Amino acid sequence: MSGAKNAAVAIIPAALLVDGVCRIENIPKINDVTLMLEIVQEMGGQVRLLDDTTLEIDARHAQNARVPYDLVRRIRASCYYIGSLLSRFGAAQVPPPGGCDFGVRPIDQHIKGFEALGASVEVRGGFVYARSPGRLTGSVVYLDVVSVGATVNIMLAAALAEGQTVIENAAKEPHIVDLANFLNAMGANIKGAGTDVIKIRGVPRLAGGSYTIIPDQIEAGTYMTAVASAGGEALIRNVIPKHLDGISAKLMEMGVEVEEYDDAVLVRRRGRLRRANVKTQPYPGFPTDMQPQIAACLVRAEGTSVITEGVWDNRYRYVDELARMGAQIQVDGKVAVVEGVPHLTGAPVRACDLRAGAALVVAALAAQGVTVIDGVHHIERGYEAMVRKLQGLGAEIRCRELPDADAMSFAQ
Ligand code: EPU
């Protein structure tokens with residue numbers, strides 16, 4: 001498995017806080033990472049690719065510039081530049097972020113955090129303007145909802161602030177811990193990441209250093225569902241099995257065998273899948289970013305399954321596409337009822353977002369006949385070499401048209 005997307009897209013803007021060179025290893029080669037690096041370069045930061053998975057960022061001479069709308073609208077994590085620019089320069093001008101469309105994706109909790117640290121924030125003319133008269137000052141922020149993005153942004157803003165910031169009701173995802181570990185490796189003082197109270201004692205300077213990004217929990221989970229869907233067996237290497245507990249437990253309930261090793265999981269599916277109910281929740285609950293992929297397995301399970309989406313208002317846009325392949329799913333608000341069918345049939349379908357695209361691949365692997373998936377650029381945002389990895393497992397899959405061949409090479 002590759003490095004974690006959602007850790008990488010938080011760590012890249014964090015490199016803007018560092019008064020030195022950051023060497024980042026296990027960086028995934030995906031389009032979201034390319035975009036985040038382009039934004040650093042727009043600011044005057046230097047990005048040097050050392051090998052396939054290692055790069056150096058030197059943002060010592062970066063300038064505070066407007067983050068271009070064209071880059072930002074394509075990726076949600078671009079909003080992390082608000083926290084990092086505010087922290088570094090005392091001001092940020094960033095358009096509201098883009099990313100997958102799951103209904104409303106507010107940033108009120110991010111803004112509340114910046115304001116608690118002494119910044120003034122205004123949204124006008126298509127930009128978020130954040131400004132602080134001097135250095136930000138530590139404060140207590142109680143998040144009204146558990147938000148990955150707000151937790152990241154407040155950590156970024158607080159890392160160089162005066163005094164201590166406490167984030168209560170913080171997100172606990174592995175990528176939150178990874179960002180804290182990265183910042184600490186650069187000289188920050190952050191404690192409690194991975195629990196719901198994170199304490200950040202601001203430091204005057206971060207000095208640079210080396211850091212290795214954790215493996216991607218959701219990429220690993222996606223290949224686990226690929227095995228569950230298609231049957232057979234795969235050893236999924238370079239994972240942290242603990243991060244996969246919620247996914248493994250659910251797959252085992254569905255009759256899939258999962259064996260854990262130190263840094264690998266062996267996944268095997270022989271008989272027919274069993275039904276299961278799934279409720280998505282913040283970590284350590286079952287991840288919302290695995291909801292479409294597990295649904296793509298449950299459509300062929302024996303019996304009726306109920307999926308409840310506990311994070312996003314509208315994350316079932318892929319259902320109509322699975323229905324083209326013969327799946328029977330009824331959606332009512334945040335609940336989807338899945339009637340398992342014995343088989344799916346290949347069809348032309350369209351990926352409407354990243355994990356929806358992954359779910360269509362998972363379903364297609366088990367469908368009878370050929371499935372043609374359009375909108376592959378969504379998948380390229382977050383999965384490194386998915387086609388090659390699946391071919392390695394014996395899948396008959398190929399990319400007919402690469403949406404943006406250049407986008408896979410890091411911009412120099
Ligand atoms: N929310 C608010 N106000 C805010 C922020 C969030 O009400 O200020 C709500 C959201 O509307 C949502 C919930 O809080 O209902 C959780 O949102 P969160 O902020 O945690 O999501 P995010 O930071 O925008 C990240 C991941 C998503 C993943 C979610 C939940 C990144 C770049 N994105 O988004 O990942 O679904 O956390 O775990 O880390 C993906 O990788 O496919 C993906 C979409």
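A: Helices (H or I, at least four residues) and strands (E, at least two) are DSSP runs, numbered from the N terminus. The structure is a predicted model, in which local features need pLDDT of at least 70 and side-chain atom pairs count only at pLDDT 80 or more, while totals for chains, interfaces and linings use all residues. Residues are numbered from 1 along each chain as its sequence is written, and side-chain values use heavy atoms, with hydrogens and water left out.

Glu219 has a relative accessible area of 2% and therefore counts as buried; buried means under 20% relative accessible area, exposed over 50%, and partly exposed in between (1.4 Å probe, protein chains only). When neighbours within four places in sequence are set aside, Glu219 is in contact with Met1, Ser2, Tyr383, Glu384 and Lys389, where contact means heavy atoms within 4.5 Å. With Ser2 there is also a polar pairing: a polar atom of the Glu219 side chain lies 2.8 Å from the backbone nitrogen of Ser2. A polar contact is a pair of N or O atoms within 3.5 Å; within protein, one must be able to donate a hydrogen and the other to accept it, and residues adjacent in sequence count only if both atoms are side-chain atoms.

A further residue of interest is Ala385, found in the loop between α13 (377–380) and α14 (386–392). Ala385 has a positive phi of about 50° although it is not a glycine, and its relative accessible area of 24% makes it partly exposed.

The domain assignment of the protein chain gives domain 1 (5–212) and domain 2 (219–232 + 273–411), the bounds coming from an automatic or database domain assignment. The C-alpha centres of domain 1 and domain 2 are 30 Å apart. Both domains give residues to the shell around the ligand, so the ligand lies between them.

That shell holds 25 residues, the closest being Gln109, Ser147, Val148, Asp289 and Val311; a residue is near a molecule or strand if one of its heavy atoms lies within 4 Å of it. By type, the shell divides into 12 nonpolar, six polar and seven charged residues. Here Ala, Val, Leu, Ile, Met, Phe, Trp, Tyr, Cys and Pro count as nonpolar, Asp, Glu, Lys and Arg as charged, and the others, Gly among them, as polar.

Individual atoms of the shell can also be placed. A backbone N or O atom of Gln109 is 2.7 Å from an oxygen atom of the ligand. In the side chain of Ser147, an N or O atom is 2.6 Å from a ligand oxygen, and an N or O atom in the side chain of Asp289 lies 2.6 Å from an oxygen atom of the ligand. Taken alone, the ligand exposes 830 Å², of which the protein buries 90%; accessible areas come from the Shrake-Rupley method with a 1.4 Å probe, and for residues only the protein chains shown count as cover. The elements that give two or more residues to the shell are α1 (5–14), α5 (108–116), α6 (148–158) and α12 (354–366).
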